[in-house]
Amino acid sequence: MKHLILVLLIIGGVELVKAQNTIGLPYIHNYTKQQYQAGTQSWSIRQDKKGIMYFANNEGLLTFDGSFWRRYALPNKTKVRSLEFGTDNRLYAGGENEFGYYKPNASGDLSFVSLKNLVSEKEHSFSDIWNVCGYQKSVFFRASNKIFQYRDNKVSIYRPQSHWRFMGATEQYLLAQDFEKGLLKFNQGRWETFLKTDDFSKKSLITALIPVNKDSALVVTLEHGAYWLRGNQTMALSTDFMKKVAKYRIYNATRVSHDRIALSTSLNGCFIINKKGEFIQHYSKDEGLINNNVLSNFIDNHQNLWLGLDNGIAFVATNNAIKNIYPKIDNEGAGYASAIYQNKLYLGTSNGLFVAPLGQFTDLSYVKAHFSAVPNSTGQVWGLNEINGKLLMGHHEGAFVVNPNQATKLLDNGYWSFLPLGNIMPASFIVAGNYNGLSFFKYQNNTFVPAGQVPNFHISSRFICLDHHNEKVIWTSHPYQGVFKITLKEGFNADIKLYSEKQGLTLSLNNSFVYAIKNRVVVASEKGLFEYNDRTDKFEESVYLKKYFGKLNVYYLKEDSQGNIWFIANNKLGVLDLSGKQPKIIYLPELTNKMVAGFESINPIDAQNILVGSERGFFHINYNAYKLQQNNVNVNIRAVAATGKADSLFFGGYWAEINTLLGQQEQQIPRIASSFNGLGFEFSSTLFNQQETIEYAYLLDGFDKTWSGWSKKTSKEYSQLPAGTYTFKVKARNNFGKESPVAMYTFVILPPWYLTIWAYLVYTLLLMGMFYWLFLWQQQKFIQQQLQYQEEQKRLLYLHQLELEQSEKEIVSLRNEKLEAEIIHKNADLASSAMHLVQKAELLSKLKHDLSRMAKTENLDEMKEDLRKMIKVVDDENTLGEDWSQFSVHFDSVHSNFLVLLKEKFPNLSPSELKLCAYLRMNLSTKEIAQLMNISSRSVEVSRYRLRKKLQLPSEVNFFNYFLSIKE
């Protein structure tokens, strides 16, 4: 019984080995429903000449250009089941109760043209179109109950004997499978029996017909494997593996390369086989697919594989020079160390050490092997070094030597790595960096024996290297504590020296990574790369490395056998390639941020095998293939739309039929209204396996002066573009600096309506109308003004007449006033004169009377007395004192009650002062006043002075003028 079990295990093991996957697996990227925003299932896949991918999806046609997903629904909003390009470059599609083709509309956006209207209405019920084939300028659509032939805008219908199960085409023939009649060939409008023998057609449903060469094809069935079809005869592709894979239900198949075929299954993912039916590779959930039910497959124009899954879409970068190596099937465990030892690949991870046999290989990623865990190695592995034909392992739990069957511990404590002391092999002593300093092992009796530790040095020594110029000098560093020079002496005693500012290094954080590069001791720091100068015993800025790396923040360095320097800077992996005529730096952006930060590991085995530790397993790089993998870079403008406005797509990505490379024609230059002067552009490259390497630059000719800088951005927006003609230009480049042809989109921003020719014409007409209206208005206004002028003239003439009459009246009045004033003045004078005359008359009369009386008297004494009296009368007449009252009455009557008003205003004036005022009002001189008042002129002046004080008149005010102002 035990022997039977052993035999079964051996047989199972042999079968397992035969079906063993390759060590290296291509990068698999899964696109979920949430990412592409469509249905779960994709039934057919195609690619156009521009590289854009098309998927027959449950919710319509799905497109992907490397950056943007777009969905185009069928008119009846149902599934798209099948796709195929016709000889007319149209993309024909079959759906649920619908068939036709997609073509660009006027704005370059895809729209569906149904062909159902070319058949009678009674033929409109046909369920799903499962296959679309182009054959001899016709396009055939297969449903279960009908096959439609579309040619010259006409549709012919072919009905099955029972029901149609499959349809496929090669260059030589178009085949269809009838459930009862088997495989039939289309010949001049008829379906004829094709096979001489019908060994398989009735046994199983055919799922794929793959042309291999001119006279043969591979027919793949759902559950009965595959058959070679040569002429009209079949031969089973019978291998143990094909029998096994048939159990997984082969739902679809496609040709991957000249010698390889992809078989998609419903139960176990996708298998790659060769023409002999031998297993090559397997992609399933274990390898990274999100599910194992593969409905469709397609190999793109860069030989990468696309898989339409039951729930999602997968891209498998089969033609990429970078592959994944997973020591554990669950992809868990970060990669920290790798080594090839005794033709086995050892990988150290966070979960332990794993080993796989290699055999003969060129590119080890294609080696078929199975990894197994090395016993006694569970835990964190830090380093692997082959010394003296032994494989040493630095482990979290100690130093180990790895035997074929297990790892044997040499010493406890955590160990990083090991180096031989000296260049002569086998080395008698080795140094090991550990968590607590530096340890030594002596090699004797074909094994390593602990030999001691550097005393008084307890710094964790992960980074160690030897000085090429002095075998007794060991350099080590700690990221936070600096760089140390350990100079060995007898008995493993050592001089220990820390290098800091005085020796050219700063003790800033993360500045202490020491390496041996080009026989130089180099320290990588955030301040740059420094090189040790043994003559000055100081570190100096490395002139040699600076000319290549400049100011890059390099913190990891590794030299390969060809002299190239692999490095890591800013979480990017690159290589200073010195193998060509001109040194150059090549970045590998596919690995950016995918390595274990701070614990990076690069193992350049040779130019075709570079192993890089990652967060999940390891990356394998075929560097020679990577440098040759420079596919032509392309770029497509995928959409142009007004920013911030709905339903404003001006360009949907297509100038002509889908499968053409035609660019924009002059008649396709759009004229865009000024209200849409903010435009957004979307662009992409269809290098799907190099998306991380692609950068873009753009220029809007007519607006921008120079090209933009290179960036990963796949869209650009412009706002407030003035009226004019513009050409948007975009180009792409990869990490090798190879640029794509420039893609262009020309458009015209129209001026706003108020700046158009028609608007200017309207403005001109309006201006002319306005001038004409102004002319008429001015003319009318002139006429009105003339009439108003005439009326005004009449009015002014009338007013003038009135003014003349008024003036004459005023003149007459003034004359009357003047005459009245003259009369009053003359009356006053007359009154004054009359008063004096009266006085004189009275005096004369009195004198006459007295003289007469004297003449009659004889008495001399009496006469003398009379004469004396007469003299007195004359004297009294001269003083006029007695007659002042009478004078004042006459004076006031003439001078408008002057004395009365003056007395009212100044009641304290004496009679003599009033008399003086009257004389001053009459404008008499001082002399005249003195005579009238019978006083001297001096007395008059004194009286004037006193009067001025009483009246409170300033000296500059004239009495006459002042008295004239006193009126009623």
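Q: Which residues of helix α9 (residues 898-905) are buried?
A: In this predicted model, the buried residues of α9 are F898, L899, L901 and L902.

Q: How do I read that pattern, and where do the buried residues of α9 lie, seen down the axis?
A: Start with the general idea. An α-helix has 3.6 residues a turn, so residues three or four places apart point the same way. Now the case here. Down the axis of α9, the buried residues fall within an arc of 160°, so they line one face of the helix.

Q: How do I read a helix pair, and at what angle do the axes of α9 and α10 cross?
A: Look at the distance, then the angle. The axes of α9 and α10 (residues 911-921) come within 11 Å. They cross at roughly 130°. Angles of 65 to 115 degrees count as roughly perpendicular and those over 145 as roughly antiparallel, so α9 is oblique to α10.

Q: Is the crossing of α9 and α10 left-handed or right-handed?
A: α9 passes α10 in a right-handed crossing.

Q: Which residues meet where α9 contacts α10?
A: From α9 come F898, L899, L902 and K903. They meet L914, C917, A918 and R921 in α10. By class, this contact has 6 nonpolar residues, 2 charged residues and no polar ones.

Q: Now a loop residue. Where is S284, and is S284 buried or exposed?
A: S284 sits in the loop between β26 (279-283) and β27 (294-299). The cut-off for buried is under 20% relative accessible area. S284 has 3%, so it is buried.

Q: What does S284 touch, not counting residues up to four places away in sequence?
A: With those set aside, S284 touches N268, G269, L289 and N292.

Note on methods: Residues numbered from 1 in each chain as written. Predicted model: local features only at pLDDT ≥ 70, side-chain atom pairs only at ≥ 80, totals over all residues. Heavy atoms only, no water. Buried < 20%, exposed > 50% of the residue type's maximum accessible area, 1.4 Å probe, protein only. Helix = DSSP H or I, 4+ residues; strand = E, 2+ residues; numbered from the N terminus. Arc of directions from axis to C-beta. Axes fitted to C-alpha atoms, helices over the stretch in contact; angles between N-to-C directions. Parallel < 35°, antiparallel > 145°, perpendicular 65-115°, else oblique. Left-handed = near helix turned anticlockwise from the far one by under 90°. Contact = heavy atoms within 4.5 Å. Nonpolar A, V, L, I, M, F, W, Y, C, P; charged D, E, K, R; others polar.
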